[in-house]
Amino acid sequence: MGVALVTPFRAGFSVDYDALCRLVEFQIDNGTDYLVVLGTTGEYPTLTEDEKHRIVRTVVEVNRHRLPVVMGIGGNCTRAVVEQIRAADFSGVDAVLSVTPSYNKPSQEGLYQHYKAIAESTDMPIILYNVPGRTGVNMTAATTLRIARDFRNVVAIKEASGSFTQIDDIIKNKPHEFMVISGDDAITFPLITLGAVGVISVVGNAFPKEFSRMVRLALRGDLQGAREIHYRFVEMIELLFVDGNPAGVKSVLSAMGLIENVLRLPLVPTAPDRNKIESLMEKLRG
């Protein structure tokens, strides 16, 4: 289980680096397998370049090589993404997560050429990220498989298309070493039964111990044990995503005293039923 870290903010919207340090230690102490910084959950479109650099350096320095670190670098201008990758400081970073371009709505050939340019710009391991609900374009199984076969340093895909048929096609026909990672907490359990290797999780920010246990049980073949935890999470996951990501999980982290419940516009904090959240938290830890 990788966790897509939130970016904590203070009441005045500055980055709360102290809270970020606490969050990293919380993940390390509670079973997370690797950390993902500057992802969707980290509100990276609202961050300045200086903030992005300092966030990565903070995570790397606190982590001290205890867990692998994945750094998000993506965008809808291929040249700009390539330049960012070439200029990046990858000390303490183990891989790059790169989302499909948003808004442009490239063709499948355009997506292939985009990732070709990225793969050829670096020796770093690359994780593709397909999330059509956010980007407006779906990368098909055929395109994913073509990229996976052609570029050795493209090692995985975070798949958040929600299409079991598409994801199953990738798992069935992929190169042996290529990994399929769930990008949806709610369907992680069934995807692992199809052959996914785990998840890059949102809910893991708040419940790393519980959710990583479900992932490990499923990977070991203890489907009954994993299924029980999966069903305990269903209601919480639905509650967390009512007002979008990361509003829901930030509200829970705030209730836990780990961060302030602050997001940067255009995102705004959610105000779910605190009693319901606390009740569900007790069930998950029971």
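Select isoleucine 85 to begin. Leaving aside neighbours within four places in sequence, isoleucine 85 is in contact with Ile73, Phe90, Ile118, Ser121 and Thr122, where contact means heavy atoms within 4.5 Å. The model is predicted: local features need pLDDT of at least 70, side-chain atom pairs count only at pLDDT 80 or more, and totals for chains, interfaces and linings use all residues. Residues are numbered from 1 along each chain as its sequence is written, and side-chain values use heavy atoms, with hydrogens and water left out.

**Stop 1**

Is isoleucine 85 buried or exposed? Isoleucine 85 has a relative accessible area of 2% and is buried. Buried means under 20% relative accessible area, exposed over 50% and partly exposed in between, with a 1.4 Å probe and protein chains only. In sequence, isoleucine 85 and methionine 124 are 39 residues apart, while in space they are 9.3 Å apart, C-alpha to C-alpha.

Isoleucine 85 sits in helix H3. Helices (H or I, at least four residues) and strands (E, at least two) are DSSP runs, numbered from the N terminus. Axes are lines fitted to C-alpha atoms, for helices over the stretch in contact, and angles run from 0 to 180 degrees between N-to-C directions.

H3 passes H4 in a right-handed crossing. A crossing is left-handed if the near helix is turned anticlockwise from the far one by less than a right angle, and right-handed if clockwise. Which residues make the contact? On the H3 side they are Thr78, Val81, Val82 and Ile85, and on the H4 side His114, Ala117 and Ile118. The residues of this contact of H3 with H4 are five nonpolar, two polar and no charged. Ala, Val, Leu, Ile, Met, Phe, Trp, Tyr, Cys and Pro count as nonpolar, Asp, Glu, Lys and Arg as charged, and the others, Gly among them, as polar.

**Stop 1: helices H6 and H7**

Select residues 141–150 for H6 and 164–173 for H7. These two helices pack at an angle of about 30°, with axes 9 Å apart. That makes H6 roughly parallel to H7. The crossing of H6 past H7 is right-handed. Ala141, Thr144, Leu145 and Arg149 of H6 meet Gln166, Asp169, Ile170 and Asn173 of H7. By type, the residues of this contact of H6 with H7 are three nonpolar, three polar and two charged.

Stay on H6 and colour its buried residues: Ala141, Thr143, Thr144, Leu145, Ile147 and Ala148.

**Stop 2: the nonpolar cores**

Next select Leu128 and Phe207. Of the 85 residues in the largest nonpolar core, these two touch the most other members. A nonpolar core is a set of buried Ala, Val, Leu, Ile, Met, Phe, Trp, Tyr and Cys residues joined through side-chain atoms within 4.5 Å. Apart from that core lies another, of 14 residues, including Ala4, Val70, Val99 and Ala160.

**Stop 3: glutamine 27**

Glutamine 27 lies in helix H1. Its relative accessibility is 0%, so glutamine 27 counts as buried. Not counting residues up to four places away in sequence, glutamine 27 touches Val3, Leu5, Thr32, Leu35, Gly204, Asn205 and Pro208.

**Stop 4: backbone details in the loops**

Most residues other than glycine have a negative phi, and most peptide bonds are trans. Select phenylalanine 13, in the loop between strand S1 (2–4) and helix H1 (17–29). Phenylalanine 13 has a positive phi, near 75°, and is partly exposed at a relative accessible area of 40%. Histidine 65 lies in the loop between helix H2 (49–63) and strand S3 (69–72). Its phi is also positive, about 65°, and histidine 65 is exposed, with a relative accessible area of 69%.

Where are the cis peptide bonds to look at? One joins asparagine 245 and proline 246, with omega about 10°; proline 246 is in the loop between helix H10 (223–240) and helix H11 (247–255). Another joins leucine 265 and proline 266, with omega about 15°; proline 266 is in the loop between H11 and helix H12 (274–285).

Conventions: Angles under 35 degrees count as roughly parallel, over 145 as roughly antiparallel, 65 to 115 as roughly perpendicular and the rest as oblique.
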